[in-house]
Amino acid sequence: MKIAIEGCCHGALDAVYAQIATLERAHGYTVDLLLVCGDFQAIRNARDLQCMAVPDKYRQLGGFAKYYTGQATAPVLTIVIGGNHEASNYFWELYHGGWLAPNIYFLGHAGCIQVNGIRIAGASGIFKAQDFRLGHHERLPYSPGAMRSIYHIREYNVMRLSLLTSPGIFLSHDWPQHIVHHGDLGGLLRRKPYFRDDVSKGALGSPPLMGLLHNLKPRWWFAAHLHCRFEATVVHDVPVQGAGPGGAGAEKTNPDEIDIDDDDGDGDDVRVHVATASADPETLPTRNEGESVPPPPLLPARNPEEITLDEEEDEVEAPPPPPPPPPPVSETRFLALDKCLPKRQFLEVIDVDPPPSFSSATGPPVLAFDPEWLAIVRAFNPYMSLTHGQAAYPDEAAARAAVRREREWVDAHVFAAKPEGVARIDDVQQFVVTAPGPGEEGTLGRVQPPYYPNPQTAAFCAMLQIENKVDLVASAGRGVGPHEAA
């Protein structure tokens, strides 16, 4: 598959799709999928603009609205995550993921789906220590503080993501903390000298995301946010001489976290706990075809001319067996991209092969639910908090046991009757216009909108037979909008 990755979109969808078309003509290929790493700005109308945390001069409708109303259709399947400049009210409607417009799918505040069998996981928002361990307390109309805290990633979502086995691709808006030390740091600082202070303090990037990177070990990790292109390679499972568990080979983490492109400040001590997991064997490098592991050396054959005594044989120890071969090494290739502007490096195209188990098809890409993620959603839905407080999470062993139980339920109730075991997303969720389009707001263009329950969220929760907590926020806000579906 040809997969295009874009950094910060900032509402410039037409320019992104135009650049893809230019690359297709120049290189003679067809892009199958577009991944957008946040600041997508799915603005449906002027009232949505009042829910986006940006200075007034940046409150512009952008190009998304015509895709929402059907005036235009995305030419390539597009999957997006959220950043720190979004219409957060719309992204809350689709907390578990859903269609923002025809052919444009939001991965949710956290999520994992499959495209032609390739597992794609992601985390929306950015890290702020003071909000990390809180529940989802924000309600429309948002206060200035809530308009920012709503896009701050929660420990709840990091915990859920940490229970995944290795996805092929991971999307984030933030960079993982310390990722700069795995690439050309000198070149980065020459281009962005104002990063130097943050780098020296270990304050550049998100601590929980680096924990997820080491835990999940995806093949690819794509990010945006800092408006520059940067490559890095993180090598996993490499033994370090003289370093035991947590010893000299461990990375140092800075407990202080500072703002990057955001106007909230904090200096809290945050220790991030993520569950540990082994990498999926399918994501690990394999030996070249035909190459075999050499057998251990054989002991010398006994000389038939030699005369031995039984007592001597009893006293001579056999040489120790050779040490086992080292475990296979996996790598995560990290790529951050710029924002969509002329002469900026905001788009890149890569090749990713679907797994052998996925039957080849000549039609459009198949977007499907990931069974493991559905099991995690069922297991953790009781812990989703709609207040400032957050209930304690189960320990790792109990959490993984709960996910295993829920996986049995998901297999039996969601996947059992599906052809080839593929649960297509569009069999459950279909795009629905919930809010008015641009120009239909009347005289309320500068007023925050009411809450619009989204039928896609209701359908997702009904499929999993879980409580729809997402729509409970309407009871604390100003009610629901007139465009809600029956």
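**Close-up views of helices, a buried serine and a sheet**

**View 1. Helices H12 and H14 are roughly perpendicular to each other (angles of 65 to 115 degrees count as such, under 35 as roughly parallel, over 145 as roughly antiparallel, and the rest as oblique).** This is a predicted model, in which local features need pLDDT of at least 70 and side-chain atom pairs count only at pLDDT 80 or more, while totals for chains, interfaces and linings use all residues. Residues are numbered from 1 along each chain as its sequence is written, and side-chain values use heavy atoms, with hydrogens and water left out. H12 (residues 371–380) packs against H14 (residues 455–464) at about 90°, and their axes, which are lines fitted to C-alpha atoms over the stretch in contact, are 10 Å apart. Leu374, Val377 and Arg378 of H12 meet Phe460, Met463 and Leu464 of H14, where contact means heavy atoms within 4.5 Å. By class, this contact has 5 nonpolar residues, 1 charged residue and no polar ones.

**View 2. Helix H12 is largely enclosed by the rest of the structure, because 10 of its 10 residues are buried (under 20% relative accessible area, with a 1.4 Å probe and protein chains only).** Among the buried residues are Trp373, Ile376 and Phe380, but also Glu372 and Arg378. Together, the buried residues of H12 pack against strands S6 (110–115), S7 (118–123) and S13 (367–369), and against helices H7 (155–162), H13 (396–415) and H14.

**View 3. Serine 149, in helix H6 (residues 144–149), counts as buried at 6% relative accessibility.** When its neighbours within four places in sequence are left aside, serine 149 is in contact with Asp131, His137, Glu138 and Arg154. With glutamate 138, the contact is polar and joins the two side chains at 2.6 Å (N or O atoms within 3.5 Å, one able to donate a hydrogen and the other to accept it). Phenylalanine 132 is 17 residues from serine 149 along the chain, and their C-alpha atoms are separated by 9.3 Å.

**View 4. An open sheet of 6 strands runs in the order S4-S5-S3-S2-S1-S12, with mixed pairing (two strands pair if DSSP finds at least two bridges between them).** Strands S4 (98–101) and S12 (347–351) are the edge strands, and each pairs on one side only. Strand S1 (residues 2–6) pairs with strand S2 (residues 33–36) in the parallel sense over 4 bridges, and valine 36 in S2 is the bridge partner of glutamate 6.

Technical notes: Helix = DSSP H or I, 4+ residues; strand = E, 2+ residues; numbered from the N terminus. Axes fitted to C-alpha atoms, helices over the stretch in contact; angles between N-to-C directions. Nonpolar A, V, L, I, M, F, W, Y, C, P; charged D, E, K, R; others polar. Buried < 20%, exposed > 50% of the residue type's maximum accessible area, 1.4 Å probe, protein only.
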